[in-house]
Amino acid sequence: MSERSRSNGGGRETLRRSNNNGGGRETLRRSNNNGGGQETTAAVWAAVSGLTVGDAWLRRDEPKAPELVAKYQNAIVQLDRGVPFAYAVGSVGFRTLDLTVDARALIPRPETEGLVELVLERRSTGLVADIGTGSGCIALSLAVEGQFDKVVAVEQSPDAAALARENLQRIAPQTPVEIREGNLLEPLMNRGERVHAIVSNPPYVSAAEYQELDRSVRAFEPRDALVSGADGLDATRALFAGAAALLEPGGLLALEIDERRAAAVRALGTSHGWNVAIHADLFGRPRYALSIKEG
């Protein structure tokens, strides 16, 4: 993880921590018990104004633009309804990027930053494809930080694809990024392209597990981006089955996985002819499955 992504610029770290702290009401509850709501006030103002949390607090008495005040007040109302922090303020930090985010796509998690890191350590040139791009966080990070010839971002949901295009327009990386709509690998097929790396944070929650997720996730984040069949492996299964035909020899397949299913993922990959290496995230949990196409 880069030093910039650890920074507090633009409220990034607050956004990142709140992503894993349940819904917005929980964020308000925690902060109200830890400083009379001042922590939330500074964090929300930082997020809507682009300041650091420290600067937001130090400049709290300065005159404020009416449009920013309105945005801040709306975010507080959203938080009180239980809306996740990132959705309430409309942005989230991911590695070096500040991304627009809303209920059209999942909120990017810190764990997914580690998947980008692993890919950049192994591949940084040629054509790379991000399958299930959502907000565009993986694809845009690869475009900004890597030296790829081109990044293709695939997304099945038209709404999420529209959000990814908005982020692409805002960030405008020098590396070309093409957003294609379609299911998993289908938009890559029959194009005569040789892909150097296929990267994906696919849905990996089972239908039963979805019912046990925090209400803030079930109520606000898109179900189709979370659930992948009865065993949570439908999307992963399809990626193992189809990726080899698209990758050049020595090409990389890199997947984020459910920590509870690392053994099942390795067995699934092996059944499709892959030699799967499981890598841990920053918390020591098995989170990523990497495979190289042989031949």
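1. Basis of the note. The model is predicted, so local features are described only where pLDDT is at least 70, side-chain atom pairs count only at pLDDT 80 or more, and totals for chains, interfaces and linings use all residues. Residues are numbered from 1 along each chain as its sequence is written, and side-chain values use heavy atoms, with hydrogens and water left out.

2. Overall composition. The protein chain holds 14 helices and nine strands; helices (H or I, at least four residues) and strands (E, at least two) are DSSP runs numbered from the N terminus. Of its 295 residues, 52% count as buried, where buried means under 20% relative accessible area, exposed over 50% and partly exposed in between (1.4 Å probe, protein chains only). The chain exposes about 13,100 Å², of which carbon and sulfur atoms supply 49%; accessible areas come from the Shrake-Rupley method with a 1.4 Å probe, and for residues only the protein chains shown count as cover. Among contacts (heavy atoms within 4.5 Å) with a separation of 6 or more, 68% join residues 24 or more positions apart.

3. Helices α8 and α9. Two packed helices are described by the angle between their axes and the distance between the axes. For α8 (residues 110-122) and α9 (residues 137-145), the axes come within 10 Å and cross at roughly 40°. Axes are lines fitted to C-alpha atoms, for helices over the stretch in contact, and angles run from 0 to 180 degrees between N-to-C directions. The two helices are therefore oblique to each other: angles under 35 degrees count as roughly parallel, over 145 as roughly antiparallel, 65 to 115 as roughly perpendicular and the rest as oblique. On the α8 side the contact is made by Thr112, Leu115, Val116, Val119 and Leu120, and on the α9 side by Ile138, Ser141, Leu142 and Glu145. By class, six of these residues are nonpolar, two polar and one charged; Ala, Val, Leu, Ile, Met, Phe, Trp, Tyr, Cys and Pro count as nonpolar, Asp, Glu, Lys and Arg as charged, and the others, Gly among them, as polar.

4. Helix α13 and its cover. In α13 (residues 234-242), the buried residues are Ala235, Thr236, Leu239, Phe240 and Gly242. Their cover includes β3 (127-131), β6, β7 (247-256), α14 (262-271), β8 (276-280) and β9. The axes of α13 and α14 come within 9 Å and cross at roughly 30°, which makes α13 roughly parallel to α14. Thr236, Arg237 and Phe240 of α13 meet Val265, Leu268 and Gly269 of α14 in this contact. Its residues divide into three nonpolar, two polar and one charged.

5. Tyr288. This residue lies in strand β9 (residues 286-292) and is buried, with a relative accessible area of 3%. Beyond its neighbours within four places in sequence, Tyr288 is in contact with residues including Glu111, Gly114, Leu115 and Leu118, as well as Ile257 and His279. Its C-alpha atom is separated by 9.7 Å from that of Val276, twelve residues away along the chain.

6. Positive phi values. Most residues other than glycine have a negative phi. Ala172, in the loop between α10 (158-171) and β5 (177-181), has a phi near 50° and is exposed, with a relative accessible area of 52%. Leu184, in the loop between β5 and β6 (195-200), also has a positive phi, near 50°.
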